[in-house]
Amino acid sequence: MENSVSEPSKAIRQFGFQDFGIIEKILRNRKDFFHEIHEGIELPTKMRAMFISSVCFFALYGAVMGSSHSLWQTLSSAVKLPILFMATLIVCVPSLYFFSLLFGSNQSLGQSLAVILTAFSVTSVLLLSGAPITLFFLLTTSQYQFFKLLNVAIFAISGLMGIVFLYQGMKVMSGSEKEGATTRKWVLIFWMFVYAFVGSQMAWTIRPFIGAPGSPFELFRQLGGNFYGDVLRSLGEFLGYLIVR
Amino acid sequence: MSQLDQMRKGSTDFLILSLLMKRPMYGYEIIQQIERQSGGYFDMKEGLLYPALHRMQQNGWLSSDWRSVDGRRRKYYAVTKLGEEVLGEQAAEWRTFLDQLYALLGANEYGPNNDRPGAGEYQPAPAPE
Amino acid sequence: MDPITIDQVLENISRRLHLSKETETEVLAEIRTHLEDAVADAARRGEDEQAALQQAAAEFGIEEAGDELQNVHANWEALGPIGLTALPVLFALILRWLVFAPDGSAANWLQVLDQPVFLTLAIAAMIIPAYLLHLRRLALVGWGVFWLLTIIFVVFPSINHW
């Protein structure tokens, strides 16, 4: 007798692991997933599953980032990274909702939230997939600036993919709403830049996530400077390091 | 979907579990047995049987394995211990539901010994030992 | 009506499925046997096989069946890859912060194997995926990764700066 494909057990439901399965649905069948959001089918269940899975994946990646410094940094980054994304969501979702509403969308706030959470889920699973890579470089290199830039690159790529997903989702959902469609498209593109800007500034505000080597653990650093200046500074140091070497 | 179809759909898991308690069966056999034993009353949409079977397997109520019988490979389903417990619970719920429904009808104009259409004698089945 | 084949019916169902190859193959194999049995039964009753297949396909309800099968299977397939990615990372972090010394040095083999936390982790690395989640292949891979990480930490001092 041959056994069939392995059966997930009752334990999966007991421990709530089935929430992680939402990722499968989003990635393999995105069109139908967005249609379901558009129709308002099981929105609370979807949002809960996306929230739980995103928080867990962000926390794990944050822990990897923080592991470059100390145990406290590991724990604090594991907590701060999900907070970073959720805080960005809270700051940005009203603008998406009201601007869309202004230009003829008939989506509810819950639907707007669900679509953004979908983008976050994609970003979080891409970060999760990057976690082994980050861990590898953490084990094999001691270059702080390189490690910082690597993380910026992984975040940028994951975030961009999430935003592209969001754009595709909004297109699918507003497919039947012809009136104001072009304007809403430009509103969405503008909002995507706002989201990236708010997200990067939010990250700068609640830093550090990695922790400078040799420095004591800090939960938050002094405000001042900005994310883009720091990235350029890191790039300069890293390139200077390469040239000098 | 008509009301009757909805009621039938709601009894799918119960019917399948009851049937599989007798012996392991494959999908086509399950459909045939349900139709035959109900005299065609439960005419389950065949394509919806397999999602139900797979869902119950994921819930841990059924186990499955591929068997070669008479040169044909088929996927047989059997009820697990958990499935037996679930069947017992569902059987009790159905019994209670029917008892309460007909108790209510008995106090109403659609109860037995009445001239209205649909009224008739109903005797609740004795609970299994 | 144009003649159809079982392969065409399965192709129509397959279009509505977005599952892993393994799961889709098994699901379609099961439906194939169903359709073959329906046609065989019709042939035994002396009916035309093509008409029987057309009727079986119609009664099967391709769209509805495909959508329902997709809904049932979609959620579960993510757990394997997610576990495969997340568990080794989680083990590495736990090994680093709970098993090894604060300065990242790994001590020697006997000291590592003596630590209850390490043994608990080693057992959990096998039991959780294998028996709790029934992901036996993942359990084997996770077990292998767990020991590989342990070897790396213990044997290669250059990594100890972590």
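This is a predicted model: local features need pLDDT of at least 70, side-chain atom pairs count only at pLDDT 80 or more; totals for chains, interfaces and linings use all residues.
## Confidence in chain B

The mean pLDDT of chain B is 81, and 75% of its residues score at least 70. Among the elements of this chain, strand β1 (residues 25-26) has the highest mean, 94, while helix α1 (residues 3-10) has the lowest, 67.

## Contact between chains B and C

Chain C contributes 17 residues to the contact and chain B contributes 15. On the side of chain C, the elements that supply two or more residues are α2 (21-44), α3 (49-60) and α4 (62-74). Of these, α4(C) gives the most, with seven residues. The chain C side comprises eight nonpolar, five charged and four polar residues.

## The β2–β3 hairpin of chain B

Strands β2 (residues 62-69) and β3 (residues 72-79) of chain B pair in the antiparallel sense over eight bridges. Within this pairing, B:D65 has B:Y76 in β3(B) as its bridge partner. The two strands form a hairpin with two residues between them.

B:D70 lies in the loop between β2 and β3 of chain B and has a positive phi of about 50° although it is not a glycine. B:D70 counts as exposed because it has 5 C-beta neighbours inside 10 Å, the limit for exposure being 12 or fewer.

## Backbone exceptions in chain A

Most residues other than glycine have a negative phi, and most peptide bonds are trans. A:E42, in the loop between α3 (30-39) and α4 (43-66) of chain A, is not a glycine but has a positive phi of about 50°. With 12 C-beta neighbours inside 10 Å, A:E42 counts as exposed.

The peptide bond from A:R207 to A:P208 is cis, with omega near 15°. A:P208 is placed in the loop between α8 (181-205) and α9 (227-244) of chain A.

Notes
Residues are numbered from 1 along each chain as its sequence is written. Chains are lettered from A and ligands numbered from 1 in the order in which they are written. pLDDT is the predictor's confidence in each residue, from 0 to 100. Helices (H or I, at least four residues) and strands (E, at least two) are DSSP runs, numbered from the N terminus. Two residues are in contact if their C-beta atoms, placed from the backbone, lie within 7 Å. Ala, Val, Leu, Ile, Met, Phe, Trp, Tyr, Cys and Pro count as nonpolar, Asp, Glu, Lys and Arg as charged, and the others, Gly among them, as polar. Two strands pair if DSSP finds at least two bridges between them. A residue is buried if 20 or more other C-beta atoms lie within 10 Å of its own, exposed if 12 or fewer, and partly exposed in between; C-beta atoms are placed from the backbone.
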